[in-house]
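Student: Could you walk me through this protein step by step? I have not looked at it before.

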Amino acid sequence: MEKTVWIGMVEVVAKNKNSNTILGRAKGAFANILAFTESKESFMQEVNEFVSGYNLKAIDIYDVEPFDERLSKSDVAPELVQLAEVALKEKNVQPGTLHKYKQIK
């Protein structure tokens with residue numbers, strides 16, 4: 001299968017509760033992630049490897065589809081269009097804005 005840019009929504013948490021991550025004191029976060037890859041399965045694998053590099057783990061990945069399909073049926077934020085262009089040019093993974101939730105006390 002030919003590679004193209006794929007997009008999916010990813011929910012992440014810290015690999016362990018005592019680790020220092022980009023989440024700060026938040027319990028978890030969501031982000032759209034784009035990746036230059038060939039299938040849903042390879043997208044999920046690349047995303048898992050990518051977030052692991054930030055000491056995070058993906059606990060849910062959904063709405064995974066080729067970016068062109070998303071564009072054809074939905075309004076897409078300009079930020080995501082720009083990230084898709086970078087992912088295509090650089091042939092890599094590009095994370096969107098990280099939306100954190102539930103502060104840990």
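Tutor: We can start with the overall fold and then go to single residues.

Tutor: Please keep in mind that this is a predicted model, in which local features need pLDDT of at least 70 and side-chain atom pairs count only at pLDDT 80 or more, while totals for chains, interfaces and linings use all residues. Residues are numbered from 1 along each chain as its sequence is written, and side-chain values use heavy atoms, with hydrogens and water left out.

Student: OK, so how many helices and strands does the protein have?

Tutor: There are three helices and five strands, and along the sequence they follow the pattern β-β-α-β-α-α-β-β. Helices (H or I, at least four residues) and strands (E, at least two) are DSSP runs, numbered from the N terminus.

Student: And what is the radius of gyration of the protein?

Tutor: The radius of gyration is 14 Å, close to the 13 Å that the globule rule gives for 105 residues, so the protein is as compact as a globular protein of that length. That radius is taken over C-alpha atoms, and the globule rule is 2.2 Å times the number of residues to the power 0.38. Along the principal axes, the C-alpha atoms fill a box of roughly 45 × 25 × 20 Å.

Student: Which strands does strand 2 pair with?

Tutor: Strand 2 pairs with strand 1 in the antiparallel sense over nine bridges, and three bridges join strand 2 to strand 4, again running antiparallel. Two strands count as paired if DSSP finds at least two bridges between them. As examples, Val 5 has Phe 36 in strand 2 as its bridge partner, and Leu 34 has Gln 94 in strand 4.

Student: How many residues of strand 2 are buried?

Tutor: Strand 2 is mostly covered, with 10 of its 12 residues buried, whereas for the protein as a whole 42% of the 105 residues count as buried. Buried means under 20% relative accessible area, exposed means over 50%, and partly exposed lies in between (1.4 Å probe, protein chains only).

Student: Asn 32 is in that strand. What does Asn 32 touch?

Tutor: Asn 32 is buried, with a relative accessible area of 18%. Leaving aside residues up to four places away in sequence, Asn 32 touches Ile 7, Gly 8, Met 9, Arg 70, Leu 80, Gln 94, Pro 95 and Gly 96, where contact means heavy atoms within 4.5 Å.

Student: Now the inside. Which residues touch the most other members of the largest nonpolar core?

Tutor: That core has 16 residues, and Val 10, Val 12, Phe 43, Val 47, Val 51 and Ile 61 touch the most other members. Strand 1 (4-14), strand 2, helix 1 (40-52) and strand 3 each supply at least two residues of this core. A nonpolar core here is a set of buried Ala, Val, Leu, Ile, Met, Phe, Trp, Tyr and Cys residues joined through side-chain atoms within 4.5 Å. A second, separate core of 10 residues includes Val 5, Leu 34, Leu 83 and Ala 84.

Student: What does Val 47 touch?

Tutor: Not counting residues up to four places away in sequence, Val 47 touches Val 10, Ile 33 and Ile 61.

Student: Switching topic, how many aromatic pairs are there?

Tutor: The count is two. In one of them, the rings of Phe 30 and Tyr 101 have their centres 5.5 Å apart and their planes at 40°, so the pair is tilted. Rings of Phe, Tyr and Trp (its six-membered ring) pair if their centres lie within 6.5 Å; planes under 30 degrees apart count as stacked, over 60 as edge-to-face and the rest as tilted.

Student: Where do Phe 30 and Tyr 101 sit in the chain?

Tutor: Phe 30 is in strand 2 (residues 26-37) and Tyr 101 is in strand 5 (residues 99-103), 71 residues apart, so this pair links distant parts of the chain. Phe 30 counts as partly exposed at 27% relative accessibility, whereas Tyr 101 counts as buried at 19%.

Student: And what about Phe 50 and Tyr 54?

Tutor: Their ring centres are 5.4 Å apart and their planes are at 55°, so that pair is tilted. Phe 50 is partly exposed, with a relative accessible area of 22%, and Tyr 54 is partly exposed at 41%.
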